[in-house]
Amino acid sequence: MNQTLAAYFQATYGHPATIGVRAPGRVNLIGEHTDYNDGFCLPMAIEREVKVLAAKRADQLIRVASMEQVGVATFALSTAIAKASDPRQQWTDYVRGCAQILLAEGITLVGCDLALTGDVPLGSGLSSSAALEVAVIHALLAVAGHTLSGSVIATLGQRAENRYVGTNCGILDQLSSACGVLGQPMLMDCRTLALTPAPLPAGIAVVIADTGKRRGLVDSAYNERRQQCEAGAAALGVSHLRDVTLHGLWAAAQAGTLSAQALRRCEHVVAENGRTQAAFACLQAGDAPALGQLMDQSHADLRDKFEVTCPELDTMVALARALPGCLGSRMTGAGFGGCAVSLVSEQHVAAFGPALTAAYRQHFDLPVAVYVTKPAAGAGRLAI
Ligand code: ADP
Ligand code: MG
């Protein structure tokens with residue numbers, strides 16, 4: 001992909017790139033809808049990524065082109081960069097947002113030409129947007145001669161997505177992309193941003209299955225779930241559900257401070273934080289069956305209590321779970337569509353993908369895809 005991207009850069013701009021960076025997508029093994037509650041997640045970066053090539057310009061312009069999109073967008077560096085007026089260039093809002101957030105931090109940027117390509121599927125819940133943001137921030141910093149830590153880059157990428165693009169995501173996606181550890185999922189503490197890696201158990205593969213269902217009303221439903229969590233925390237007198245126990249929730253429900261629906265939402269988050277920490281202990285102990293069971297429980301709560309699954313995800317998970325070698329399966333990402341993630345014993349993994357695809361096609365006529373991936377390294381420079 002490097003050579004192709006280098007040729008695309010040269011063809012687009014008429015001169016070669018001088019700097020290359022990459023940033024991966026991510027999959028979350030467990031700990032869903034916990035990041036914005038200051039809780040715990042267990043993600044890993046995946047072997048699919050966004051690559052960006054860059055070359056400095058003598059002026060204050062940024063030009064950007066993607067091999068997955070049409071045309072070149074141009075904008076000037078300023079603390080108030082306009083959003084794309086052409087709907088075909090809306091993807092460039094991620095790039096514009098990253099530049100604006102860096103400038104707002106007081107970081108001096110230089111004009112540059114950027115060309116990018118990615119093989120993280122767009123809009124599947126594997127965080128192509130975070131991979132794009134983290135890669136673009138790396139590229140903008142590199143051409144200007146700056147470096148920042150991975151966690152700071154992740155925070156700035158999240159800010160670009162929250163404040164500029166307008167998606168109210170937590171820190172999970174960007175921090176996984178910026179700080180992924182080769183070969184190891186990581187326990188992520190979303191309050192402190194501390195990451196503690198541990199290897200996958202021997203003989204276990206991570207298999208991602210895209211339902212082909214694109215998230216429809218995800219933003220409004222996602223924001224509604226966030227508000228319900230925030231209201232639950234406020235009713236319990238804490239800033240975040242991280243600081244609540246199941247007993248505290250039940251007491252509040254009995255006292256009439258939490259509605260039945262709010263209780264179900266909060267129960268998922270509080271239990272999921274516990275499950276995620278337990279899942280990390282399973283990783284450390286090399287206990288894949290116990291980890292798989294926690295993943296199954298996570299899916300059940302996301303379906304029944306948090307209510308963010310959909311027939312496609314429930315079917316994919318049930319079909320995966322019934323196949324030989326599957327130790328656990330759950331939806332991953334925000335929900336309402338997108339991907340399921342399964343733990344599969346390596347001796348069964350070759351048969352698992354085709355069998356799951358065939359079984360799923362009997363239920364839904366959607367473009368299903370299966371990706372087997374090892375934990376990948378977080379963002380960094382590319383040799384060019
Ligand atoms: P996800 O992050 O789950 O893949 P999002 O809707 O959050 O889904 O982000 C997808 C968007 O990110 C795309 O619609 C596009 O605007 C942008 N994007 C991601 N990768 C690329 C790419 N390689 N080229 C151009 N835009 C991209
Ligand atoms: Mg995204």
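Thr92 is found in helix α2, which spans residues 92–104; helices here are DSSP runs of H or I with at least four residues, strands are runs of E with at least two, and both are numbered from the N terminus. The model is a predicted one, in which local features need pLDDT of at least 70 and side-chain atom pairs count only at pLDDT 80 or more, while totals for chains, interfaces and linings use all residues. Residues are numbered from 1 along each chain as its sequence is written, chains are lettered from A and ligands numbered from 1 in the order in which they are written, and side-chain values use heavy atoms, with hydrogens and water left out.

Thr92 has a relative accessible area of 0%, so this residue counts as buried (buried means under 20% relative accessible area, exposed over 50%, and partly exposed in between, with a 1.4 Å probe and protein chains only). The side chain of Thr92 also reaches the backbone oxygen of Gln89, at 2.5 Å.

Burial is a theme of helix α5 too. Eight of the eight residues of α5 (residues 172–179) are buried, so this helix is largely enclosed by the rest of the structure. Among them are Leu172, Asp173, Gln174 and Cys179. The loop between α4 (150–165) and α5 holds Asn168, and this residue counts as partly exposed, at 34% relative accessibility. Asn168 and Tyr36 are 132 residues apart along the chain, yet their C-alpha atoms are separated by 9.3 Å.

Now to the ligand. The space taken by ligand 1 is the largest pocket; a pocket is an open set of points on a 1 Å grid over the protein atoms alone, with protein on both sides within 12 Å along at least five of seven lines. Ligand 1 is surrounded by 18 residues, and the closest are Ser66, Glu68, Gly123, Gly125 and Ser128. By class, this shell has seven nonpolar, nine polar and two charged residues. Strand β6 (112–118) and helix α3 (128–144) each supply at least two residues of the shell, and α3 gives the most, with three.

Several oxygen contacts can be listed for ligand 1. An oxygen atom of the ligand is 2.8 Å from a polar backbone atom of Gly123, and one is 3.0 Å from a polar backbone atom of Gly125. For Ser129, an N or O atom in the side chain is 3.0 Å from an oxygen atom of ligand 1. The protein covers 84% of the 560 Å² of accessible area that ligand 1 has on its own, with areas from the Shrake-Rupley method and a 1.4 Å probe.

Note on methods. Near = heavy atom within 4 Å. Polar contact = N/O pair within 3.5 Å; in protein donor to acceptor, adjacent residues only side chain to side chain. 1 Å grid on protein atoms, 1.4 Å probe; cavity = no way out; pocket = protein on both sides within 12 Å on 5 of 7 lines; lining within 4 Å. Sits in = over half its atoms within 2 Å of the grid points. Nonpolar A, V, L, I, M, F, W, Y, C, P; charged D, E, K, R; others polar.
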